[in-house]
Amino acid sequence: MSSTTKPSTIAQVIDAANQVILGKDTQIRLALSCLLARGHLLIEDLPGVGKTTLAHTLARLLGLQFSRIQFTSDMLPADVIGISIYDRERSDFRFLPGALFSQVLLADEINRATPKTQSALLEAMEERQVTTDGQTRALPEPFFVIATQNPSSQIGTFALPESQLDRFLLRIELGYPDHAAERALLEGGGRREQLPTLSACFSPDQLIPLQREAAAVHVSPALLDYVQALVEATRASAQFVHGLSPRAALALLAAARAWAFIDGRAMVLPEDVQAVLPGVAAHRLRLANSASHARAEDIVKLIRAVAVS
Amino acid sequence: MARSKSAPLEPGAIPWLLAAALATAAPHAAHLPLWLSLSVGAALLWRAWLWRTDSPLPPRALLAVVALTGVAAIGWQFRTLLGRDCGVALIVFFMAMKPLEMRTRRDSTALVMLGFFLLLTHYFYSQSIVTGLWLLAATTLLVAALIRLHGGGQPARVIVRDAALLLAQSLPLMLILFLLFPRVAGPLWGLPQDAHAGLSGLSDRMSPGSLNRLIESGSIAFRVEFAGELPPQTSLYWRGPVLDDYDGLTWSVPPSGARPPATAPLIESRGKNYRYVSTLEANNQRWLLALDLPLERPAGSMLARRFETLAREPLRTRARFAFSSAPDFIANRDEDPALLLQSLRLPAQLNPRSRKLAQSWRAQFASPQQISDQALRFFAHNDFIYTLRPPLLGQNAVDDFLFATRRGFCEHYASAYVVLMRAAGVPARVVTGYQGGELNPVDGYLTVRQSDAHAWAEIWIAGRGWQRVDPTASVAPSRIERGIDAALPASDPLPALVRIDSDWLRELRNHYEAANNRWNQWVLGYNPQRQRELLSRLGFTDPDWRNMSAALATLCAIALTIVAIATLRQRQRATPAQRAWRRFCTRLKKQGMAREDWEGPLAFAARVAREKPPLATICFKAASLFAQLHYGTGTPAQLQELKDCTRRLPSSWRKIR
């Protein structure tokens, strides 16, 4: 793929997504960065703000095979992964793949599932393969999980533990639409109906080279200094229980690269790091003085405390 | 075993190590036996070839044989394994052998340390500027080899630059140590016996041909700085050993020559006196080569009975001496009769024709002055030729010279003249020394070379004392008036440095020698006395070694602190792009747009664009240039552009206001 078509196709995806989900440009870009950085996305917000629509839209625009699991508290790992059943004709067990075997998996309301089911999914996300009945099966490539969850203060949920939150490269919040966007939504009717009409801008085999290119965006020593300064600041700060892990630092760099790539730049700037930092860091940092995770304003405070180098 | 623990040597470091070994060993080739220089070169080449072809190192047994053979050969060559010259030869040999068993990083560190030690030994042989510069380069190379050894592969340019930077950083410390380290007179450590071999200069004996060897050397004997004007060229006679004993072949200083006189010699000046400071090169002799004849001498010297100025000890290092002299003099109107008797002695039976000639003059003329004038006329009117290549003389050397060959050099003329005078009953003696000198217009020093070596004569006339007579002047007046290169035919061998025809070459030589002189005066000549002068100028009125050591320690501590602070701050040192970007931001700040520390360049530019739209274009340009330079792979042209943005900033702002 030539370098001139690549930013324009990405721009097309963003434009088309903006037609469906109004006024959420940043979130769309973050979601796309997450995908390009080969990470998984966690969307956390109240029901009805368009989480599912966003996931569905991205899958369609990128021409990826999409499946969806609605998690409930009585779900079992086999419901996600798949099950082996006995085939009489062949006198053998046959594996029936679960919803996991798709390119884009929307795991809706993941915090409604029991920890056992959650961890089955998260294992698969990390390993990009599933082992059942002593047999290892690779998941399709690309494999992208968009999980949604309701804020954990709601009744009947199982909050994801820290270690599992860490598996998500980015966590974003959608929030209410602004005034104008909501008006347009009300005037134009629900957006779900538009989904089948969306045509793909990509074929799946175009995505993998793009991911490779995004991972090759230039990072200068000065930028690494800045990333390290940010990470060290979270560790030194009394505001957070723990600082960011080295894995989180790698995640930050990967996301920033993808963000710069979407912006059509050949190198990562501190601005890119700052743009993805709330998504990368907020769900990984627990506030010291309350039980909740860091909020966007805590991350902004962190950004303002560290000089760019 | 330590070997197995040490990290293996990176092949990329080997050319650096070999180059450093070569650079440190090479200058020794000037005085090492040729076979050793060649074997050292061959060993280094062998190692370089092994490196190029990626071959294994030679087996240890072979190396052991080679090393033992080499040491044995060096021992045989020098007849010892001790002493300066042999020690240096051994170190040079080891320097070439070590690379052949260099497998680990530890081995190569040993090589570099050996190199640093070898560097010092060069100063046994030469302390000139060129040596200093070469050794500076060699030191840089050694440091570069260390950097390559421990810092991994980098472009050669970067390694050399870092090494030079390290050396530059050590400069303050070096200056402090040079200026303040308590100096002792003479060398810090005792030199072995052979240290002073090979110093050239006048000797206490003169036989036909002995001066020629000296004259064929262009090296400098001494330099003189006159306070005020120079005496005329024809009176620049620098007095060395006076030769009063003659055995028919060799003139020599009588055994009593160095003894202090019973009565102080009496020198009266008849004209202008000249003050000067002369800087003598080491010559391993005691004669201080004052201008004829000295009235005031440096403290610690002695005026011998034949007016030679003698130092207490042979001159082993270059030294400065202040004199005042009277070229026009009357010396010892009354002379010790024993001395006069000595100056009439001739070997019996030798040179009958000369004696006969002299006796005929004695009968003919009444006064010694007339006899002398007759002798000079004899030289002037009988087709004598001045040449450095005289034919060999027989047993009656003076007869052969005066009546047969008639070709000779100053020593022949002086010798023949004195023999004639003594035969005619006039007390006479041979004086050797230097005549003339060349003024270096660059620094105003008069340079006297070994090639200015000369021999002349003195006769004693009652009531008028000792008088200088230069028979060479009547044969080749130009020798006295214009120097030796003017007097000799072009075919005679003279050092190239002395006989220079081209103007620019002469000028180049003058500049080089002036620089060398300054180096000698201020660097090599920085002795305890100069150190005291400097310290008293700095406010230490009575420096002793205690407060000097204290000052040294304090200044070293300060220098090290500065280096430490600089090193610690280096971590935050800004790149040129960062400095340019900061200047741009400072300029913008004056316009009311201050960049926050946490703001990235493009975010800042976007904010400026929102708040001060007229500045948007230039800010975006500068920001993206800085982003390219600092976070991407920028080009020098972009750095220039960024600087241009800063320059354009105030004017573009004023325009829109």
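I began with the residues that join H6(B) to H7(B), in a model that is predicted: B:Arg105, B:Ser108, B:Thr109, B:Val112, B:Gly115, B:Phe116 and B:Leu119 in H6(B) meet residues of H7(B) that include B:Leu135, B:Ala138, B:Leu142 and B:Leu149. Contact here means C-beta atoms, placed from the backbone, within 7 Å, and helices are DSSP runs of H or I with at least four residues, strands runs of E with at least two, numbered from the N terminus. By class, I found nine nonpolar, four polar and one charged residues in this contact, where Ala, Val, Leu, Ile, Met, Phe, Trp, Tyr, Cys and Pro count as nonpolar, Asp, Glu, Lys and Arg as charged, and the others, Gly among them, as polar.

Next I looked up the geometry: the axes of H6 (residues 105–121) and H7 (residues 129–151) of chain B come within 10 Å and cross at roughly 165 degrees. The axes are lines fitted to C-alpha atoms over the stretch in contact, with angles from 0 to 180 degrees between N-to-C directions. H6(B) is therefore roughly antiparallel to H7(B), a term for angles over 145 degrees.

I then turned to the whole of chain B, which has 25 helices and 20 strands.

Last, I checked where chain B touches chain A: twelve residues come from chain B and 16 residues from chain A. Helix H23 (601–611) and helix H24 (616–631) of chain B each supply at least two residues of that side of chain B.

For reference, I note that residues are numbered from 1 along each chain as its sequence is written, and chains are lettered from A in the order in which they are written. Local features need pLDDT of at least 70, side-chain atom pairs count only at pLDDT 80 or more, and totals for chains, interfaces and linings use all residues.

Key. Contact = placed C-beta atoms within 7 Å. Parallel < 35°, antiparallel > 145°, perpendicular 65-115°, else oblique.
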